[in-house]
Amino acid sequence: MIYVFLGQDFNILNKKVNELINKLNIDNIIKYDFSESSINEILNENNYIDLFNEKKLIIVSSFSLKKLKSEGEDLLLKYIDNMNDNIIIFKCIDESLDERKTLTKALRNKCKVVEC
């Protein structure tokens, strides 16, 4: 499952993400900063099967759909169509999502988008 928390107030984003983390009760948490990593790295980590088959929670901070290149959009769209049990939380810093894009429609239909 993918969660997208959309907003520019980091305190509110962190509060909402922490509430979800507590609700999900997953111990295996991996954090990424999107400015220092690629969507390919994040999705590879998510698809990597844990030795103990433990569920993973991946938190991606500073995420921006506007900075995502078309290749990254295609990778994310493919993943959305074939999601696994692991959870990805994107802390999206964009003001809003471009509703005309196929990726945005897929996120709205198959994932959880929370506007903060």
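Predicted model: local features only at pLDDT ≥ 70, side-chain atom pairs only at ≥ 80, totals over all residues.

Reply: With a relative accessibility of 63%, Asn25 counts as exposed; here exposed means over 50% relative accessible area, buried means under 20%, and partly exposed is what lies in between, using a 1.4 Å probe and protein chains only. Asn25 sits in the loop between α1 (10-24) and β2 (28-33), and its phi is positive, about 55°, although Asn25 is not a glycine.

Residues are numbered from 1 along each chain as its sequence is written, and side-chain values use heavy atoms, with hydrogens and water left out.

Ser62 is another non-glycine residue with a positive phi, near 60°. Ser62 belongs to strand β3 (residues 56-63) and is partly exposed, at 25% relative accessible area.

Now to the helix pair you asked about. The axes of α3 and α4 lie 10 Å apart and meet at an angle of about 25°; each axis is a line fitted to C-alpha atoms, for helices over the stretch in contact, and angles run from 0 to 180 degrees between N-to-C directions. That makes α3 roughly parallel to α4, since angles under 35 degrees get that label, while over 145 is roughly antiparallel, 65 to 115 roughly perpendicular and the rest oblique. The crossing of α3 and α4 is left-handed, that is, the near helix is turned anticlockwise from the far one by less than a right angle (clockwise would be right-handed).

On the α3 side, the contact (heavy atoms within 4.5 Å) is made by Glu73, Leu76, Leu77, Ile80 and Asp81, and on the α4 side by Thr102, Leu103, Ala106, Leu107 and Lys110. Sorted by class, the contact of α3 with α4 has six nonpolar, one polar and three charged residues. In that scheme Ala, Val, Leu, Ile, Met, Phe, Trp, Tyr, Cys and Pro are nonpolar, Asp, Glu, Lys and Arg are charged, and the others, Gly among them, are polar.

Two of those contact residues, Asp81 and Lys110, also pair up: their side chains form a salt bridge at 2.7 Å, N to O. Lys110 is in helix α4 (residues 102-110) and Asp81 in helix α3 (residues 70-81), so the pair ties together parts that are 29 residues apart in sequence. Lys110 is partly exposed, at 42% relative accessibility. A salt bridge here is a side-chain nitrogen of Lys or Arg within 4 Å of a carboxyl oxygen of Asp or Glu, and by that rule the count comes to six.

Other salt bridges include the one between Arg100 and Asp98, whose closest N and O atoms are 3.0 Å apart. Arg100 is exposed at 70%, and Asp98 partly exposed at 27%. Glu99 and Arg108 meet in a salt bridge too, at 2.8 Å, N to O, and salt bridges link Glu99, Arg108 and Glu115 in a network. Glu99 is partly exposed at 40%, as is Arg108 at 32%.

Conventions
Helix = DSSP H or I, 4+ residues; strand = E, 2+ residues; numbered from the N terminus.
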